[in-house]
Amino acid sequence: MELPRRDCGDELLRPGELTDIRRRLRRIAPRHDLATVIACAFDHRTRMLPFIFADTRMVPAGVRAIGSAMVDAGFEKTRIVLQQWNRHFRPSRMRLDGRVPDLFMISSMGMHLAPCLELIRDAQRIELRHRPLIIAGGSLNLYQPYEVFRAGLNGPCGADVAVTGEEYVLLNLLEVLLSLRGAGESMRAAFDRARQTGALRAVPGLVYPEDQRGRPTGELLDTGVQRLVGDLDELPDSVLGYGLLEAPGRGAGLAARAVEAQRVRRLSPISSLVLTFGCKFACPYCPIPGYNQRQHRVKSGGRIAEEMWRLHKTYGLRYFFGTDDNFFNHKGRTLEIVETLARAEFAGVPLRRKVRWYSEVTVHDTLQMKEHLPLVRTAGCRALWLGVEDMTATLVKKGQSVDKTTEAFRSLRNVGICPMPMMMHHDGQPLYSRHSSYGLLNQIKLLRRAGAVSLQVLMVTPSPGTRLYDETFSSGQVFDNVAGRQVQNYMYDGNYVIASNHQRPWRKQLNLLAGYLYFYNPLWLAVALVRSNSKVSLKPAGMQIVGMMGLVQTVRRTFGWAWRLRWGRIKRLASPPVSPFPMRGVNGEPAAHELVRLVGTGVTQISGATIAGS
Ligand code: B12
Ligand code: SF4
């Protein structure tokens with residue numbers, strides 16, 4: 001099951017509501033002098049192709065967005081710590097402005113669950129009277145908020161509250177807490193009171209251990225699906241977040257000051273930037289349309305141009321990655337953005353001379369935009385990631401075919417935009433097929449001929465919040481352990497074969513490696529160098545070098561798994577993971593985020609399977 005949809009017409013916040021709450025908080029912030037640390041959980045075992053380098057050289061937009069929202073609301077004592085850069089950071093040792101912070105927040109994706117829980121455990125070691133309010137958020141919590149709670153003596157413990165939504169939900173929570181907070185009182189005490197008086201029930205987008213008159217009930221209360229901000233121009237300024245970063249280091253605590261502005265570009269040369277959210281397709285393995293309540297949300301071209309310019313001026317940033325699910329989703333809106341970016345000028349300098357940007361799109365929409373691709377390039381775009389999945393559309397149909405994909409890739413390449421394919425390998429696809437385009441290597445060959453500059457091949461893997469999730473588990477495809485080694489969250493990244501009905505799943509694992517080796521190798525590096533006078537210049541050669549380095553790491557991390565799959569015994573799961581605690585919604589409604597529910601003996605519901613966007 002996907003996330004349930006709010007009532008029709010009630011999916012979005014009232015226009016201006018996010019702007020208003022920001023203004024209201026700014027008025028009361030000086031009375032509260034809050035200090036906040038936001039940590040980004042990161043499991044270093046996930047470092048391999050196809051994301052190697054992007055994972056540590058691009059500060060995630062989620063933590064930055066939350067940091068920006070805090071500063072914008074008037075809480076300037078805020079620091080962002082990335083486990084990507086600070087492996088030894090321990091919340092129990094953190095001090096900000098000479099004191100233990102009032103709020104400790106954690107942002108985590110699903111596959112970074114283990115370090116996320118360790119951060120929470122460590123924060124709980126802080127002496128009770130100083131302990132900050134622990135708030136968990138990020139894509140893990142959008143779909144599986146119950147994961148940040150563990151069994152304690154009195155029911156669920158761990159994080160104090162999980163935020164299952166975006167900036168507005170956090171600001172809404174803070175406004176409620178600050179309206180109840182007495183002078184000198186801790187944020188945890190204010191939270192306890194808000195919980196006991198029922199004040200938090202009116203904040204959609206929270207999950208927390210239920211408490212009735214000071215007594216834990218042992219249940220998790222879910223206040224329902226968030227309302228989304230429709231106009232992304234209402235979001236706080238993304239420039240603020242970069243000013244809060246803790247510099248990379250080996251220490252367990254925090255430095256006296258955040259990293260200097262002039263170091264940001266070297267540490268994070270690529271800047272992820274929210275441009276749009278949502279996608280009109282409904283791939284059964286993708287949680288994105290459900291999460292967005294079937295809405296397409298955009299920033300205006302003017303706002304994007306201004307943000308890029310100011311990020312460039314303030315931090316020297318030049319390369320931007322749009323965190324879009326499908327940037328070409330709506331032709332009219334896309335054209336408004338690219339036309340504005342193409343003609344934007346600041347201080348007499350055209351923006352397109354200073355910045356380059358990249359995003360994710362679909363094959364279908366690229367062809368719809370074919371005649372406008374030269375304009376897209378003029379606007380500064382130099383590479384687009386396309387969800388090709390399986391070119392023959394055997395696995396997924398979203399308007400792609402061998403001919404259409406080839407046409408889309410050639411069109412992009414002709415105007416000087418690098419096409420970057422994202423493929424999905426699955427049980428039915430052989431490594432190679434004779435006289436057809438079905439095999440993995442056949443398709444990689446076609447994509448390379450059509451101009452592909454990089455390659456992403458992931459195995460179909462169950463992903464919460466999707467329509468296929470339940471079925472993937474209940475059909476017995478998902479592995480529990482292989483040769484005694486438990487499948488852990490960090491392995492749900494598409495790089496490990498952890499769900500398959502294939503008789504020889506180890507072959508699938510080796511196929512992924514073979515696919516990469518076929519694409520990234522010294523031969524193709526030499527060819528790319530010889531052809532480097534094309535419109536996309538040295539990029540293919542550069543990607544070959546990055547790809548080969550990443551491949552070494554991928555082989556190192558996944559070859560042992562292939563070995564286990566070959567020789568070890570595979571134990572399978574019969575049902576998907578469920579919340580370890582009963583969950584309930586407000587006013588007797590079912591909990592919106594209990595996507596899997598066990599009723600009687602059978603699993604009744606759940607969400608679906610894999611991978612990123614487009
Ligand atoms: C850009 C991107 C990447 C980039 C960049 C990552 C980076 N360093 O920035 C790259 C290409 C490296 C990447 C890789 C992967 N990604 Co990715 N990626 C995205 C994408 C498209 C955008 C992420 C983003 O920046 N969004 C914009 C920010 C503002 O949104 P956000 O992070 O959700 O944060 C908001 C809320 O969650 C919340 N929030 C966030 N943190 C916190 C903290 C607190 C305290 C609070 C209160 C709130 C809060 O508020 C934020 C502001 O609105 C998303 C899809 C999407 N549209 O979000 C997938 C997504 C995050 N990726 C996903 C996955 C699965 C992966 C991969 C495993 C690959 C794969 N199999 O697809 C790898 C993992 C790599 C690794 N080692 O971590 C999944 C995660 C699913 C999950 N359950 O966690 C997503 C959600 C796509 C999907 N399937 O729906 N990804
Ligand atoms: S996989 Fe891509 S095209 Fe399909 S629904 Fe998700 S974002 Fe849209």
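## The eight-stranded sheet

An open sheet of 8 strands runs in the order β2-β1-β3-β4-β7-β8-β9-β23, with mixed pairing. Strands here are DSSP runs of E with at least two residues, helices are runs of H or I with at least four residues, and both are numbered from the N terminus. Two strands pair if DSSP finds at least two bridges between them. The edges belong to β2 (77-82) and β23 (583-585); each has a single partner strand, so one side of each is left without a neighbour in the sheet. On average, neighbouring strands of this sheet are turned by 30° against each other, direction ignored. The axes behind that angle are lines fitted to C-alpha atoms, for helices over the stretch in contact, and angles run from 0 to 180 degrees between N-to-C directions.

A word on the model and its conventions: this is a predicted model, in which local features need pLDDT of at least 70 and side-chain atom pairs count only at pLDDT 80 or more, while totals for chains, interfaces and linings use all residues. Residues are numbered from 1 along each chain as its sequence is written, chains are lettered from A and ligands numbered from 1 in the order in which they are written, and side-chain values use heavy atoms, with hydrogens and water left out.

Strand β4 (residues 133-137) runs parallel to strand β7 (residues 161-163), and 2 bridges join them; here isoleucine 135 stands opposite valine 161 in β7. Next, β7 and β8 run antiparallel and are joined by 2 bridges, with valine 163 opposite leucine 206 in β8.

Strand β8 (residues 206-212) has 6 of its 7 residues buried, so it is largely enclosed by the rest of the structure. Buried means under 20% relative accessible area, exposed over 50%, and partly exposed in between (1.4 Å probe, protein chains only). β8 pairs with strand β9 (residues 215-222) in the antiparallel sense over 5 bridges, and proline 209 has leucine 220 in β9 as its bridge partner.

## Backbone details worth a look

The hairpin of β8 and β9 has 2 residues between the strands, and arginine 213 takes a positive phi near 50° there, although arginine 213 is not a glycine. This arginine 213 is exposed, at 81% relative accessibility.

Asparagine 587, also not a glycine, has a positive phi of about 55°. Asparagine 587 sits in the loop between β23 and β24 (597-599) and is exposed, with a relative accessible area of 71%. Elsewhere, leucine 49 and proline 50 are joined by a cis peptide bond with omega about -5°; proline 50 lies in the loop between β1 (35-40) and α2 (54-57).

## A nonpolar patch

Leu510, Val555, Phe559, Trp563 and Trp567 make a nonpolar surface patch of about 530 Å². Patches are made of residues with over 30% relative accessible area and no salt bridge, joining like charges within 9 Å and nonpolar side chains (Val, Leu, Ile, Met, Phe, Trp, Tyr) within 5 Å. A salt bridge is a side-chain nitrogen of Lys or Arg within 4 Å of a carboxyl oxygen of Asp or Glu. Accessible areas come from the Shrake-Rupley method with a 1.4 Å probe; for residues, only the protein chains shown count as cover.

Helix α21 (residues 539-567) gives the most to the patch, with 4 residues. Phenylalanine 559 is found in helix α21 and is partly exposed, at 41% relative accessibility.

## Cysteines

The count comes to 0 disulfides, a disulfide being a pair of cysteine sulfur atoms within 2.5 Å. For cysteine 157, the closest cysteine sulfur is in cysteine 116, 13 Å away and too far for a bond. For cysteine 381, the closest is in cysteine 418, at 9.1 Å, again too far for a bond. Cysteine 381 is buried, with a relative accessible area of 0%, whereas cysteine 157 is partly exposed, at 29%.
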